[in-house]
There are 2 protein chains.
Amino acid sequence: MRALLGSGGFRTEERRALYNEEMRRHFGDVSRVLFVPYALHDHEKYTRMMTERGLDAGYEIDGIHRHDDPVKAVREAEAISVGGGNTFRLTADMHRLGLFDAIRSRVIDDDIPYMGVSAGTNVACPTMQTTNDMPITMPSSFDALGLVPFQVNAHYYAGSIWVKEDDEFVEHFGETRDDRIREFHEMNDTPVVGLWEAGFIRVEDRSFELVGASARVFRKGCDAYDVQPGSKLVELA
Amino acid sequence: MRALLGSGGFRTEERRALYNEEMRRHFGDVSRVLFVPYALHDHEKYTRMMTERGLDAGYEIDGIHRHDDPVKAVREAEAISVGGGNTFRLTADMHRLGLFDAIRSRVIDDDIPYMGVSAGTNVACPTMQTTNDMPITMPSSFDALGLVPFQVNAHYYAGSIWVKEDDEFVEHFGETRDDRIREFHEMNDTPVVGLWEAGFIRVEDRSFELVGASARVFRKGCDAYDVQPGSKLVELA
């Protein structure tokens, strides 16, 4: 089983270069990638944007919404990529269309490569419950693909956030990410990997290698610890 | 119908003073306030903390978890306050215990005053879908009290956020609040009030007065606009 799970925030030239390099390394010599754009409202615009913004690594990006039968499109795909946006909307559509079973089967049984970024990483986890997104719609279930045995919190950061008011930085007092993940562990047991922006986890069966950014690992009842890029998340294997 | 809806972030001395002043103005000469602490894990600790941190305005804070029959406690309450924390957990418990109907009836039909902060403000809205919280548990429904005809996004801020890495401010590329609220309006029609930290909305039937901080009003298909403290949200009445 091969998956490439990105955090998001690929907005600088350096980060886009890493994105393309990792995508190419992951998908190899397939020609076309089936792209799931359901996390954004306008599927066609999103699919075109992937090429326009240079996030295609030279592959043909084939939006799943262009297919009359999305499950059949998954069955015939050589490579699958799921983009970011709103995870609740993505999850709702994927359940409605039967895509969780279809993609899980194709990636686990048929060994085709899966790539997810942000919301696409959330849905690769056992559930989508470590999303940062707003619940703009209710999915039939929070369950997701379960390609990895841990949750990822994408766009992770440590500590407080600051906002600008009249060009001054003002500390914001909403819950930090660590607060939110602690709350997750008050009701759930699955480990959580807080993945900083521009980071990827290269997944090969039970091998999880961190690339591009560091991550913080949260296990229920344990102290969190940081893992540097280039390392493997050995404790989660 | 009387409600006082706070954003959160009451962590400075000045903000706590405003909190106490507004709470006292709102609840008047009742002696005891029924407090709903379900948004945090430890109900008793949370209830005690309200007094220990000086967020009681001199009232006796009576945790609803201390009552064998929480619906009966609501029926007998003279004033109700719902605290912040995780909105999914709060909503799940309130649905499970039948508290939405009980509180709605007491506040709308019997005219007792309701106060909510952060998650407690989210559940005063038609749904809890403009929360910023992590979906750590799935409530049976996203529907909420509907005391006001709009959604509130608590802890609102405009623009990007910054995080500190090695004492340097680094811009974070996750969705902004305005992005999230735009996504909400791609799937929902209800207006959204983005309420900055330390702000309150004083609700009296269809009068909505802003106190302590400004707010940004988002209506589907319209440009957002800012409202200053001391003003009324006239367009939402």
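Two strands count as paired if DSSP finds at least two bridges between them; strands (E, at least two residues) and helices (H or I, at least four) are DSSP runs numbered from the N terminus. In this predicted model, local features need pLDDT of at least 70 and side-chain atom pairs count only at pLDDT 80 or more, while totals for chains, interfaces and linings use all residues. Residues are numbered from 1 along each chain as its sequence is written, chains are lettered from A and ligands numbered from 1 in the order in which they are written, and side-chain values use heavy atoms, leaving out hydrogens and water.

Chain A holds an open, mixed sheet of seven strands, ordered β3-β2-β4-β5-β1-β10-β11. Its edges are β3 (60-63) and β11 (207-211) of chain A; each has a single partner strand, so one side of each lacks a neighbour in the sheet. On average, neighbouring strands of this sheet are turned by 20° against each other, direction ignored. Axes are lines fitted to C-alpha atoms, for helices over the stretch in contact, with angles from 0 to 180 degrees between N-to-C directions.

Within the sheet, β2 (residues 32-36) and β4 (residues 80-82) of chain A run parallel and are joined by three bridges. A:V36 stands opposite A:V82 in β4(A).

Across β1 (2-6), β2, β3, β4, β5 (114-117), β10 (200-204) and β11 of chain A lies helix α1 (residues 13-27), at about 160° to β5(A).

Helix α6 (residues 119-122) of chain A contains A:T121. Not counting residues up to four places away in sequence, A:T121 touches A:L5, A:G6, A:G116 and A:V152, with contact meaning heavy atoms within 4.5 Å.
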